[in-house]
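Subject: Structure for your review

Dear colleague,

Please find below the structure that I am handing over to you.

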Amino acid sequence: MNVDYTINDDIVAIKSHSQNAYKEGQLFTCKGLKQSPCNCKTLLVDIGIKAIHHEGICITCNKVFKTNNNWWFNAHLFQKLDNLVQINEVHEILSQTAEV
Ligand SMILES: [Zn+2]
């Protein structure tokens, strides 16, 4: 399964993170993409958030793996910003994130 963005694209979170690392609608730049080191090959994205723990967990098979300083998230929880249909929606998101 692929995503519609690549490195350096502006992306938006389509779902809030379970541990509140980010909120739905928050904007990021895709810093890196890689597959999870387990058999699932889940696509992971680096959005520039530093890891709290140096371990990641695959949400599919629950396998724990070592990470570097970056926190890797499930890439399917983000969407390329260009794909938002309503330009008003983008402005709304931009004004929200500007206050953070
Ligand atoms: Zn897995």
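Residues are numbered from 1 along each chain as its sequence is written.

The sheet

S3 and S4 run antiparallel and are joined by four bridges; two strands count as paired if DSSP finds at least two bridges between them. Leu33 stands opposite Val45 in S4, and Val45 in turn stands opposite Phe73 in S7. S4 and S7 are also antiparallel, again with four bridges. Together, the three strands form an open sheet in the order S3-S4-S7. Strand S3 (32-35) and S7 are at the edges with a single partner strand each, so one side of each has no neighbour in the sheet. From one strand to the next, the twist averages 40°, with axes fitted as lines to C-alpha atoms and angles running from 0 to 180 degrees between N-to-C directions.

The core

The largest nonpolar core has 15 residues, and Ile11, Cys30, Val45, Phe73 and Phe78 have the most contacts inside it. Such a core is a set of buried Ala, Val, Leu, Ile, Met, Phe, Trp, Tyr and Cys residues joined through C-beta atoms within 7 Å. A residue is buried if 20 or more other C-beta atoms lie within 10 Å of its own, with C-beta atoms placed from the backbone. Of the 100 residues of the protein, 18% count as buried.

With neighbours within four places in sequence left aside, Ile11 is in contact (C-beta atoms, placed from the backbone, within 7 Å) with residues including Tyr5, Phe28, Cys30 and Phe78.

The whole protein and confidence

The protein has one helix and eight strands, in the pattern β-β-β-β-β-β-β-β-α along the sequence. Its mean pLDDT, the predictor's confidence in each residue from 0 to 100, is 85, and 85% of its residues reach 70 or more. Among the elements, helix H1 (residues 87-98) has the lowest mean pLDDT (66), and strand S2 (residues 27-29) the highest (96). Where pLDDT is low, the predicted coordinates should not be read in detail.

Yours sincerely,
A colleague

Terms used:
This is a predicted model: local features need pLDDT of at least 70, side-chain atom pairs count only at pLDDT 80 or more; totals for chains, interfaces and linings use all residues. A residue is buried if 20 or more other C-beta atoms lie within 10 Å of its own, exposed if 12 or fewer, and partly exposed in between; C-beta atoms are placed from the backbone. Two residues are in contact if their C-beta atoms, placed from the backbone, lie within 7 Å. Helices (H or I, at least four residues) and strands (E, at least two) are DSSP runs, numbered from the N terminus.
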